[in-house]
Amino acid sequence: MEHVSRVLQKPQIPTTTNHRGNFKFPAMAQRAAKRPKLEVRDNDGYMPGNIVDIELHNFMTYSYMRSKPAPRLNVVIGPNGSGKSSLVCAIALGLAGEAQILGRATSVGAYVKRGEESGDINIMLRGDTPSERICIRRKIDTQNKSEWMLNGKVVAKRDVIEVIQRFNIQVNNLTQFLPQDRVSEFAKLTPVQLLEETEKAVGNPELPVHHRALVDKSRELKRLEVSVKANGDTLNQLKALNAEQEKDVERVRQREELLEKVESMKKKLPWLKYDMKKIDYMQAKEKESGAKKYLDETAKILNDLAGPIEQKKQGKALQGSSCKKVNNLINQNAKKRMEILENESRLGVQVHAKYDEMVELTRQEETRQQRISRAKEDLAAAELELANLPFYDPPKDEIERLASQILELEVSANQRKLQKTEKENLLAQKKVALRHCVDRLKDMENTNTKLLHSLRNSGVEKIFEAYDWLQRHRNELRKEVYGPVLLEVNIPNQLHASYLENHVPNYIWKAFITQDSADRDFLVKSLRSFDIPVLNYVGDRSPNKVPFQVSEEMRGLGIYSRLDQVFDGPSAVKEVLISQASLERSYIGSSKTDQKADEVPRLGILDLWTPESHYRWSISRYGGHVSASVESVMPSRLFLSSLDVGEVERLRSRKRELEETIANLEDSFKMLQTEQRHFEDEAAELHKQREEIINSVQLEKRKRRDMEGRVYQRKKKLESMEKEDDLETNTRKLTDQTAKLNQQRFRLAIEIKNLLIEAVLFKWSFAEKHMASLELDTKIRELETNLKQHEKTALQASLQFEYCKKETEHHREQLSAAKSHAESIAVITPELEQAFLEMPATIEELEAAIQDNISHANSILFLNHNILEEYESRQHKIDNIAAKLEVDNKELQGCLSEIDTLKENWLPTLRNIVSQINETFSRNFQEMAVAGEVSLDEHDMDFDKFGILIKVKFRPAGQLQVLSAHHQSGGERSVSTILYLVSLQDLTNCPFRVVDEINQGMDPINERKMFQQLVRASSKQNTPQCFLLTPKLLSDLDYGDKCSILNMENGPWIGVAAKAWSSGECWGKVMGLEQDD
């Protein structure tokens, strides 16, 4: 379907074109605040702030629309549903208005054309000069987000609002902007609200500011008057009460003075005790000083005695060091002598040995020939034994056979080992897979806990307790019990979960489902305290269900499934959900279905879910009319962590398979391990046999090698004997060696002599030094004996000093405690010190004076013990209230002065404006042969009650009645509303005004007169641009030169005409009725 709007007016007025895919149409704007009166029109007819161009994309019913409205009265006419009010919404939202003021949807996303993600509004305003154009663009999307652009630049919304306010555009003011859905609100405005809207609409921006200030000041004035009166009454009452109690207060004060004197004396008492403690402290300190002086004297004597002892000890230490050095020299001398003696002894032994060798050589020469003969005999015997040794042939075949068997066994064992490794790796893989499967199962089962948390967060406080109770008592139930239902349902698709959660009542998700009436009664009784419903499933009552199939017609509309087909669960749970929530009657479509939603009811489908909306159709019982409701799809909250039952069963089956496979692999692994061990044992036995054979071969070889070695050694021994020297040569060598040894012994004897002389000298020096050390040691013992006696005296002096010090510290602590106690009672000040001088000087006299004053004070009797506190408290209140009363009186006078000043600036101007409105309003009503007036409802100083009263009379016999929904019909209220708006034309400085379908309910006579008033008002020089939207107009109306008629038409052939009109062609040429010249 396409739309078109035509403009019937003078040639200079621009045309507008409108069709569903490409639509052009005039637009409007809001009013700004605090702007001077609009200027005179320029040659183009537009005034600053007028709408000169509007362009829409994907907005409500429009895919595209652009239009240039006229500068005066624009009458937008068209049938209902053609998009007139969409234009009003576009102007309001495009000029920074909120969606709530339109009385339609509360969010901007609802104004995006259905099926589109975003849309935009472009409005061009006339600037302060004829050539200046201000382009405002607002882009909106279905997520309720907006993007603002000013003259092609992205800006913040506040920048756009500043421009709107500069031209005094106020789309939230009903006197300027009256959309269709808020027409009834104008008649509901109270006189006070009407006054506020009128003040905002008229040219003086100070009026609403002064009015609000007067309201605030009047409230403050009332508060001050009440405060002054209340404080004055309270002040008089308190003064009267204090006057009555003055005598009693005097007696109380006399008693208080005595008690204060007693307190002052009590303050001196601890200071007297402090003085006594101070005397004791000073005496103890003197004793401590004497003891310290005596201790210092004894310490000096000890130091004098200790000095010589230390000197003697140092001398003794030096002597001891010298003795040690001499002793070390003696020891070294003795050590050298021992070494020389040992060397001399060793040389003597060698000399004797040489003599013995000479004798032995003589004897051995006789036996050498005998030894050579024996060596030859031993060599012959060894050679004969080697020759007689039998030859040994090793068993090579047996060794090779055993090696082959060992190799075969080792290959078999390695094969088993390789197979075992493969089985072990496979077993490890299966165990890892089993562990992963178990972990996944735990995670899936933990999903139940998440779902229970979702139920508790949705308001089911005790769902965990109910679920735990069911798990503990399952063995007491006759049949399987399911629940909560939320845990039993598995929905693979999250979007389907949103559909199902929104469709099924909330109580079902937390319910438990039984399959036996006894179980149901048991659960109802036990779960009553948990507030959990129990549903009993008695079996499938309709066993012959027809399976669901998607018809071709459904596919054509984008319908692909039904709610009872999108989830899994136990059969009892599914049947309960289907029967309780009628899931078999709710269908699921795609985004394509949104565009063809109007065709769905003809398939008999009355409930439909799409990704964006939930459609419900209902058929009237009486007329068979079909009504529809559309709601947005809320995202799922409960199924954020749904449990996949099929996945759980698959994992459990996989777990069983893995456990069986692991058991088989472990058995196979054990069998391979047994076989490997058997082969390894056989191979080890063969290895043992082979080693025994090899050892016997090696033993035979070793025997032959040993025999050959024995023959070789005996040959060498024989050769050595034959090469030995003769007797004379050996004797000569021994004689020379003996002479050399004797010479060495002589040199050692000389060294021993020298060392003995040196040792005698060292021992003499050691004896002298040792005797000197003994003399020093004797003198040191004598001095130390004398020192110990003086140390005892010094110790006693030290003990006496410590005792005195402790006593002094004890008295100091007592003095400090006494001072702290005295300071806690009273701190000495010059005044207090002077008062102490007038009091008794001893503790006994002071205590007696205290007792006398207490007795005197107790002799003064009175009934009310708190009378002085009450008197002083009241006096304090009197002073405060008097001060506050004085301040309030000053504020009251200042407030009255400010009110008078504001009232002088506000009320005359307001009266003048209301008088002008009344004059125009009354004249317009008289021209329509009816009566009406506008008056200011004044209430002295109650400025928040000031209002504007609209009084009208539509019948000659009647009286003027205040405009309201109770006294006038809808048409009469519409006439009064439009004439009131017309009366504001000359007083307001808004650039345009919008009125949507104000003529609905008017009779033809009133509608004709109302229209004439609008045409006349729009013909004046400085009246604002006006948009009047109506579904109809009377015939033979007088339009005038300043009136433009925008006619909205729709139909299937409107597109061609719209394109022609947009280029300026006439209707005759478009339809082919006129020929080109």
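## Model and chain

The model is predicted: local features need pLDDT of at least 70, side-chain atom pairs count only at pLDDT 80 or more, and totals for chains, interfaces and linings use all residues. Residues are numbered from 1 along each chain as its sequence is written, and side-chain values use heavy atoms, without hydrogens or water.

The protein chain holds 24 helices and 22 strands. Helices (H or I, at least four residues) and strands (E, at least two) are DSSP runs, numbered from the N terminus. Of its 1077 residues, 39% count as buried. Buried means under 20% relative accessible area, exposed over 50%, and partly exposed in between (1.4 Å probe, protein chains only). Among contacts with a separation of 6 or more, 74% link residues 24 or more positions apart. Contact means heavy atoms within 4.5 Å.

## Helix H1

Just after H1, Ala96 takes a positive phi of about 65°.

## Sheet E17-E18-E19

Three strands form an open antiparallel sheet in the order E17-E18-E19. Strands E17 (931-937) and E19 (961-962) are at the edges with a single partner strand each, so one side of each has no neighbour in the sheet. Two strands pair if DSSP finds at least two bridges between them. Two bridges join E18 (residues 947-953) to E19. Val952 stands opposite Gln961 in E19.

## Largest pocket

The largest pocket has a volume of about 1100 Å³, taken as the space filled by probe spheres set on the grid points, which are joined across faces, edges and corners. A pocket is an open set of points on a 1 Å grid over the protein atoms alone, where a 1.4 Å probe fits, with protein on both sides within 12 Å along at least five of seven lines; lining residues have an atom within 4 Å of a point.

The lining has 28 residues, with Val112, Arg114, Gly115, Glu612 and Ser613 nearest the centre. Helix H15 (591-595), strand E15 (613-619) and strand E16 (626-632) each give two or more residues.

## Backbone exceptions

Most residues other than glycine have a negative phi, and most peptide bonds are trans. Met60 has a positive phi of about 55°. Met60 sits in the loop between E2 (51-59) and E3 (62-67) and is buried, at 19% relative accessible area. Asn144 has a positive phi near 65° and is partly exposed at 43%.

A cis peptide bond joins Gly483 and Pro484, with omega about -10°.
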